Amino acid sequence: MTHRTQPFISPKERRTSILLAIGTASAALLLLAKAWLNLRLNINWDEFYFLSKVHAHYRGELATTFQTIHVQFFGWLLDAAQTEVNQIVLARLALLALLATNCFLVWKIACNWMQRHIATIAPVAHLSMLPVAHHGASFRTDSIILPLISLSILMLIGESRRRSSLIVSGLALGLAGAISVKSAFVVPILVAALLLGNKNGVKTVSGPVTKATFAVSALAFISLATFLTIIALHSLDLPRAPNMGEHLSLYQQIVQAVDKTLVEPTLSPRSEFILPIIQADTFYWLLFAVGLVFALAKRQGLVACMGLALFPVLLYRNAFPYYYVVMLSTASILVAYAVHSLTEQFGKTSNRLPRAMTLVAFAFFTLNGLSHIKKLSPKTLDGQRDILEAVHEIFPEPVGYVDHSGMVSSFPKMNPFMSSWGVENYHRAGIPFMPQAINRGVPLLLANRFPIDSDLRFLDRLLPEDQKMILSSYVRYWGPIYVAGANLPSSPGQVSIPFPGEYRLESSHPVLMNGISVVPNQTFLAISTTIEVVPPEQEDDATPARLVWAGARAPPQHSPPRDPLYVPLMTAFR
């Protein structure tokens, strides 16, 4: 009888394996906690906007190729869940898989400069950050491009780079760029990877100048060709084939996006977020600074270049906390490098201290991430779910509507996305949106966020014609839900309604309209937008009379939520 001999594992290797397992378990725990949080965390307005593009595409209404590639990936959501909230929650869970994939890719990058168990600190530190706890795996382009950017970097790191690695890097960068042009911010790191030396820092350049120039040019060509190919294929799936005018429009959109997001009059245009983010995770930033100093001192230029991931905070207009998810991914490698360098220094005097430092880093970042998730957990989506359920209860079939950001994604939205950028473009164009909405008989106004807030207090930020038409065309129905209609005068006279059609009388007494006596809850067919009204004599307890669009069913019996529907970006940092 023969006995198979087991390979000998030294005590040092065993301890290293245990530390690697602890680091992996820490990352897994933070990912599980993030999955739980994403099931309940308040949905940001641009997540609804992101979903609205998917619905628009499958209604055959999407005509813009620029930054809409994601609609090709998420059509399954429409069949997987009935409501917008559930669709976004499912999408978040799918994107969590990409976040987990990115953890592995960041770990692989870090392994080029440190031991595997210490490299695990990089993804754990990334997951522990407040911006990642809040916005990681959110339904945005950032969550999709995150692993593509890491893959593009990974392919160019190391001593044995091959042509196939350059091709994969270019394909990943091209796909990421087609999804979001902000992927271009990774280009400085990729160029550094092509020009700087190997992982041991022996060389200063990867080869002759001509060879390095060829590699950079090849990467640019592959990524640009991939970008244009994907955009072209995507355009074929839109309602009509693009012509030259649309190509010019796409070019103009890219130029406008670059001009708007990068050409800012001030340095660090989103500086209001920088200090709160540093205060929320001070230990991370201290280690980041230590890692950067060690990398420079050791002439590890490529490691130091991982800090270039934070360069967008200096000039990118939309460097909001959700974009820190992308920036912090690569930057976290310097955090792990700090621990690696410190353990090297202290390892000369103690064998146990390096292991203790690694364990402390795992423990701190894990507990820090869990504390952020606990802090964010009360910011639920219950109010958003209530409002959307009410909208679908009042309007069982899709109708046109006006709101801030496409919250009722399954309905056709009739006004532009009212972000700060969208409002600026809207004012620059000077074209009101309400006349078209009224001409199309839009019965729903969802006043869910500034400047169209639930009490209509900030309509002065809109063009005068839009202000006037909103105030005269809709009545408050339930919470932030407004329905087409009009309040009736208390004395005989004329009343204007937004568009002809059937309206329901809400009153405690009959009202004479165009010579016809209409009883409460009766439907009245208006053939014009002006109605002659003779109201009954008002009694002290009489309910103010009004007309509401007859297609609107009764609102829910329970009270609407009182809290704001969206959690401000800065709230998580208080």
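The legends below describe an overview and several close-up views of one predicted protein model.

In this predicted model, local features need pLDDT of at least 70 and side-chain atom pairs count only at pLDDT 80 or more, whereas totals for chains, interfaces and linings use all residues. Residues are numbered from 1 along each chain as its sequence is written, and side-chain values use heavy atoms, with hydrogens and water left out.

**Overview. The protein contains 21 helices and 11 strands.** Helices (H or I, at least four residues) and strands (E, at least two) are DSSP runs that are numbered from the N terminus. Of the 574 residues in the protein, 53% are buried, where buried means under 20% relative accessible area, exposed means over 50%, and partly exposed lies in between (1.4 Å probe, protein chains only). The protein exposes about 26400 Å², of which carbon and sulfur atoms supply 60%; accessible areas come from the Shrake-Rupley method with a 1.4 Å probe, and for residues only the protein chains shown count as cover. Among the contacts with a separation of 6 or more, 74% are between residues 24 or more positions apart, a contact being heavy atoms within 4.5 Å.

**View A. Phe50 and Phe139 form an aromatic pair, and there are 22 aromatic pairs in the count.** Rings of Phe, Tyr and Trp (its six-membered ring) pair if their centres lie within 6.5 Å, and planes under 30 degrees apart count as stacked, over 60 as edge-to-face and the rest as tilted. The pair of Phe50 and Phe139 is edge-to-face, with 4.8 Å from centre to centre and 80 degrees between the planes. Phe50 belongs to helix H2 (residues 45–58) and Phe139 to the loop between helix H7 (130–135) and H8, so that the pair links distant parts of the chain, 89 residues apart. Phe50 and Phe139 are both buried.

**View B. Phe283 and Phe365 form a tilted pair.** The ring centres of Phe283 and Phe365 are 5.7 Å apart and their planes stand at 40 degrees, which is why the pair counts as tilted. Because Phe283 lies in helix H14 (residues 282–297) and Phe365 in helix H17 (residues 353–376), the pair ties together parts that are 82 residues apart in sequence. Phe283 counts as partly exposed because its relative accessibility is 31%, whereas Phe365, at 1%, counts as buried.

**View C. Ser150 lies in helix H8 (residues 141–154).** Ser150 has a relative accessibility of 2% and therefore counts as buried. When residues up to four places away in sequence are not counted, Ser150 touches Asn102, Leu105, Val106, Ile109 and Ser329.

**View D. Phe458 is found in the loop between strand S2 (444–446) and helix H21 (464–473).** With a relative accessible area of 26%, Phe458 is partly exposed. Leaving aside neighbours within four places in sequence, Phe458 is in contact with Phe450, Pro451 and Asp453.

**View E. Helix H9 (residues 163–179) has 17 residues.** From its first C-alpha to its last, helix H9 reaches 25 Å, close to the 24 Å expected at 1.5 Å a residue; the expected span of a helix is 1.5 Å times one less than its number of residues. The buried residues of H9 include Ser165, Leu166, Ser169 and Gly170.
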